[in-house]
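Please keep the sequence and the model in view while reading.

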Amino acid sequence: MLLAHRTAWAGVWMCAASLTCCPDLVVAGTASCHTHTAVAGDTLIALSQRYLAQPQHWQVLARANHVPNPRRIPIGTALCIPVDQLKATPRPGVVLEVVGQATAQPDAKAGLASSPQEVRKGDAVPPGMTLRTSPTGYVTVQLADGSILKIQADTQARLDSSQHYEEAGFYASVWSVLRGRVESLVTHLTGGQPRYQIKTPQAVLGVRGTTFRVATDARRTLGETLTGTVAVSSGKQAALLGAGQGTVAVGGSQVAPPVPLPSAPDLTPLPALFERPLLRMELPTAPGAASYRLQIAEDVDFRRVRAEQTDTQPRFRVSELPDGVYFLRMRVANAQGLEGQDAQATFQLKARPEPPIPTAPGHQAKLRAREATLNWTSHPQATRYRLQIARDADFKQLVVEHADIRDTQLIAPLPAGDYFWRIATTASTSTGALDPGPWGDAQALMMREPPAQPPPPKLTPDALQFTLQAEPGQRFEFQMARDDGFADLIKAVSSDSPEVSLPRPAEGGRLYVRYRAIDPDGFVGPYTSPQLVLLPSCVRSGHGTCVRGRERFITTQP
């Protein structure tokens, strides 16, 4: 594995030798040697015993440094100790965080169990282990030197090598990313030796200490450097990515020239508080953006990513997050697929206990009454409910407020006017403290004066005529019956005019009348209460018409 490590960097070095503008790449490409500065008493035999995995092979140092006398080395001489010959101790990584589903496949050559195992926080990641994340999985691994690899959703990555070179004083590690996307935070190397690589089917990326991202599929590799410098090699081509640059490697032999990464998008419109379990985010579009990536994590370092989405528009819907404080970041991808700098924000989700559902009256309801009976569903966690009624949708002009309602109904006297009402659930925590939930959506309510009782009718030999109080454009439905339940209906008429005429029953007696108004917007108001009319029988003339007699009208319900 060390030979592969050396060979890969040798490719970068050869390419870098022809690039006079890239001194950092030359430094990054010197992974094949650890430099030792000779001091008094140094000999090649002593140095081989100190540094080499096979201490007897001091001739390796002699050939690498062209030293004619292994016992006499001038003080201050810079000696190359080949890295692939250094003695080293394997150092496993450790799983810092796991979100969602992920499996680990141990190295079969090591004689470990060959079946995939579920990845858990605290698991060791020895060299040769392959980690696979599900479409909703996310795993964070820390290496012995403190470097971090974040394995994102639907990704397969293998730790090929993780070594500690004690005498040389540095670590070296190699990851293979077979598919998917990873993000690396590499601990800065003070000794100047490159020792962190990511290999993909198309390229090798190596660093001294930086933050960078790698994505790969069956045909290409994307490299994105956020801080520091990253050397990228593919076949005989290489490139050096500075902070804020990216490149694309295709087919294992082509590395595109570095280009600037897209700028961070604007998160200014993002709310600081969400009060619904379904988070709806609609943000401004960014110039030149081909797609957007959104990540939501429980920690500021994004090691516990709870949600990740991509879309061609900055419109996201996120669900199934528990209440709490979250860290959000979003970045833009250009037409090549290179993703840019992150914009970050913090928000709070307080969506529970969820508000009950208003059941009556409905949104934008109109009531012709002097009081409103408000109803809502029962929340299983509720110990009480809060309710507000206001003149405005922002609830700054409150007219009714209750914080300790124990039922699912409230009767509120309200004069005519336009109102808004909303309801919220209050639950109890495990300690018994009150836990008020968010307000539900505002429900518009229009209160109108109830219909006036029908005035005493004007009696003619053939009709009962009523003149009603009316608003412009109203229509009316008028009924007359022999019982106050209006089961024994005598007559029902519809009228576009407040002047309503009912045929006079010849037999007279106890009659009941009522009406309701239909507004121009189609709202059907309530019937008035039944009104009693006492009417004598009609005495017919020889012509068959009623002869006027004495009549008495009572316009109150018995």
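Two residues are said to be in contact when they have heavy atoms within 4.5 Å of each other. By that criterion, among contacts in the protein chain between residues at least 6 apart in sequence, 59% join residues at least 24 apart. The model is a predicted one, in which local features need pLDDT of at least 70 and side-chain atom pairs count only at pLDDT 80 or more, while totals for chains, interfaces and linings use all residues. Residues are numbered from 1 along each chain as its sequence is written, and side-chain values use heavy atoms, with hydrogens and water left out.

The protein chain has four helices and 46 strands; these are DSSP runs numbered from the N terminus, helices being H or I with at least four residues and strands E with at least two. Of its 558 residues, 47% count as buried. Buried means under 20% relative accessible area, exposed over 50%, and partly exposed in between, with a 1.4 Å probe and protein chains only.

Helix H3 comprises residues 44-51, and Leu44, Leu47, Ser48 and Tyr51 are buried in it. Seen down the axis of H3, these buried residues fall within an arc of 100°, so they line one face of the helix; the arc is that of the directions from the helix axis to the C-beta atoms. The buried residues of H3 pack against strand E1 (33-37), helix H4 (58-65) and strand E2 (78-82).

How do H3 and H4 lie relative to each other? They pack at an angle of about 115°, with their axes 8 Å apart. Axes are lines fitted to C-alpha atoms, for helices over the stretch in contact, and angles run from 0 to 180 degrees between N-to-C directions. That angle makes H3 roughly perpendicular to H4, a term that covers 65 to 115 degrees. On the H3 side, Leu44, Ile45, Leu47 and Ser48 meet Trp58, Leu61 and Ala62 of H4.

Two glutamines remain to be described. Gln163 lies in strand E11 (residues 156-165) and, at 16% relative accessibility, counts as buried. Not counting residues up to four places away in sequence, Gln163 touches Ala88, Thr89, Pro90, Phe170, Tyr171 and Ala172. Gln469 lies in the loop between strand E39 (463-467) and strand E40 (475-481), and at 63% relative accessibility Gln469 counts as exposed. Leaving aside its neighbours within four places in sequence, Gln469 is in contact with Ala452, Phe476 and Tyr515.

Definitions and conventions
Parallel < 35°, antiparallel > 145°, perpendicular 65-115°, else oblique.
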